[in-house]
Amino acid sequence: MSMPVHKSRWFLVALLLGCALILTQNSVSAAEEEEAKPTRENWAHMVIKGSYPEGPQMPGLFGDVTESLSKVVSRLEKAAEDKSLTGVVLHFKGTELGWAKLNELRQAIQKVRKSDKKVFAWIETGMTKDYLIASACDQIVMPESASLILLGLRAEVSFYKNLFDILDIKPDILRVGKYKSAAEPYTRTEMSEAFREEMEALLDNYFGQITGMISESRGLSAEKVEAAINGGPYMAAEAKKLGLIDHIAYEDQLPKLLTGEDSKNEVKLIKKYAKKRADTDFSGIAGLIKLMDLLAGIDSSQRIGSGPRIAVIYATGAIMSGSSAQGSLLGGNVLGSDTFIKAVHKAADDDQVKAIVVRVDSPGGSALASDLMWRALEEAGKPIVVSMGDVAASGGYYISMGAERIFAEPGTLTGSIGVVGGKLAIEGLYKKIGITTSVISRGSNSGTFSPLNGFTESERVAVTGMLNAIYKQFTEKAAAGRKMDYNKLEALARGRVYTGEMALKLGLVDQLGTLDEAIDHARKLGKIKEGEKFQKLILPRPTSPFEQIFGPVDGDTQQHQQISRMLDSLAPGLSEQLKKMDLINLLAREKSLTIMPFEIRVQ
């Protein structure tokens, strides 16, 4: 039976409409399913803990035991550039940082945030340093059982004169510079007026930096921040009420915070993000060769190309003559003048090195070694930029003077342009324990550096004259390096210590900035075009594991490390007190010192 033409047309139209309706419904269902499907967000997870040492680290598995400052900053920079990441979670487990490293980490966090990524801080227990770094993040999270130990600053200086009196030891230490207080703990029972004035000014500046950082980062007035510090410490709930933190949550609750309570997105935390895994495959002949290279301090993975380079020379530790070493008699690194000068010569002789950056983290030490290191930089024949770390004072400032530009961190301790020298007279102690000494001498000043007696009048005049000459040499070179009138520079010297922020206002440094900013300035001085690729030549080479185990040929590092470990096994307070007496060891080896009179650590 045939269907009329008009009816067949309506049938086709109905059929087509039905198909379209089915397709539309299917499309809507597919869209709803797509919308309902959760999106996965990738978040980098990094643990922030420890001291983050500066300078070249041992290659391979030996260097991966402790993460350096440059490595953690590089990981944050990689996160900033990683388009697959939504954000970064920083898990704070206790840091032991100076002011410069603290600022470097804050600046690295800011780079991540500027790349349109969120940064969350999760803090187990927040001491001042941890909190100051965390405050640079978008959000701060703590578990309800955690505490925020934000207490302000306190300087405690121990004096040993009464102890020396009991032992019948006579410190006879001379200084040039009203504020050169390095010897005061050994010669006095309390601070001098000049020492107290200096410490008051430093603590005022540091306290201002703390309140300024928190105020700017947390959007709180300086008055509220100071009131919060005065009322601390706090449990997490109270810290949240005061606006010091944002959330109270356990670590397993972080994913909901990261995406928002109503979000159905999934969160993947990438643990140990961008942390290089140590290559521990030493099987076969190739593995044996690799192991021998590591023991010798050779990292075959590091290749130097033929393009332009910026040499970054690390000057870390107390300055002494000879070779650098990982550990002085009572702890800490030794910056040897021979090692440093060799590194400068290597950079100067390399035609591909267009400029040199010296990263200084040193309280000073030997006046002679400091001068030899300064001279090597003066004769390098290439643009020199200095980047000051936690401390660049006394000898650390001395070696910085010839730079075309000096960068300091806001909290760097610098200055301390002064000289100290002397000895401990121990004849009285010898008599107490039954030791007697017979002396035969020729020459009026033959006993100048004898450990038995203090200076005679003639010896005192001679040593004072020597220290005055060193001080004049130091201040004249500093005035020339800073292009400053000598009398103006000398008034700022006199052994006084400043923060980087204070030093900038006084003209002792040129700019506040990080190591990366110093390297970029060196690039400009070296006429490397912006955007042109260049390599960083890191000097000096790290101490090899072989040297760490057996010590350098001309040193006694192994004995130093044993003594340091023995002291660390004591009660922490006593251990720190004994380590502070390292000046005695330095005075026994060097006759004149340009050394930082104290250290400041934020707890």
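Mentor: Pro-233 is in the loop between helix H9 (222-231) and strand E7 (234-235). Helices (H or I, at least four residues) and strands (E, at least two) are DSSP runs, numbered from the N terminus. This is a predicted model, where local features need pLDDT of at least 70, side-chain atom pairs count only at pLDDT 80 or more, and totals for chains, interfaces and linings use all residues. Residues are numbered from 1 along each chain as its sequence is written, and side-chain values use heavy atoms, leaving out hydrogens and water.

Trainee: What kind of peptide bond joins Gly-232 and Pro-233?

Mentor: A cis one, with omega about 5°. The bond from Leu-539 to Pro-540 is cis too, with omega near -10°. Pro-540 sits in the loop between strand E21 (535-539) and helix H21 (545-550). Such bonds get a mention because most peptide bonds are trans.

Trainee: What is phi of Lys-272 near?

Mentor: Phi is near 55° there, a positive value in a residue other than glycine. Arg-494 isn't a glycine either, and has a positive phi of about 60°. We flag these because most residues other than glycine have a negative phi.

Trainee: Why is Lys-272 called exposed?

Mentor: Check the cut-offs: buried means under 20% relative accessible area, exposed over 50%, partly exposed in between (1.4 Å probe, protein chains only). Lys-272 has 62%, so Lys-272 is exposed. Lys-272 lies in the loop between strand E9 (266-270) and helix H12 (284-295). Arg-494, in the loop between helix H18 (486-492) and strand E19 (497-499), has 34% and therefore counts as partly exposed.

Trainee: What makes Thr-95 buried?

Mentor: Its relative accessible area is 6%, so Thr-95 is buried. Thr-95 belongs to strand E2 (residues 87-95). Leu-105, in helix H4, has 2% relative accessibility, so Leu-105 counts as buried as well. Across the protein chain, buried residues make up 47% of the 603 residues.

Trainee: How do you know that the side chain of Thr-95 makes a polar contact with the side chain of Asp-130?

Mentor: A polar contact is a pair of N or O atoms within 3.5 Å; within protein, one must be able to donate a hydrogen and the other to accept it, and residues adjacent in sequence count only if both atoms are side-chain atoms. For Thr-95 and Asp-130 the value is 2.8 Å.

Trainee: Which residues does Leu-105 touch, not counting residues up to four places away in sequence?

Mentor: Tyr-52, Leu-69, Val-72, Leu-76, Leu-97 and Ile-133. Contact means heavy atoms within 4.5 Å.

Trainee: Why are H4 and H8 called roughly parallel?

Mentor: Helix H4 (residues 99-114) and helix H8 (residues 193-218) pack at about 15°, with axes 13 Å apart. Axes are lines fitted to C-alpha atoms, for helices over the stretch in contact, and angles run from 0 to 180 degrees between N-to-C directions. Angles under 35 degrees count as roughly parallel, over 145 as roughly antiparallel, 65 to 115 as roughly perpendicular and the rest as oblique. So H4 and H8 come out roughly parallel.

Trainee: Which residues make the contact?

Mentor: Trp-99, Leu-102 and Arg-106 of H4, with Tyr-206, Gln-209, Ile-210, Met-213 and Ser-217 of H8.
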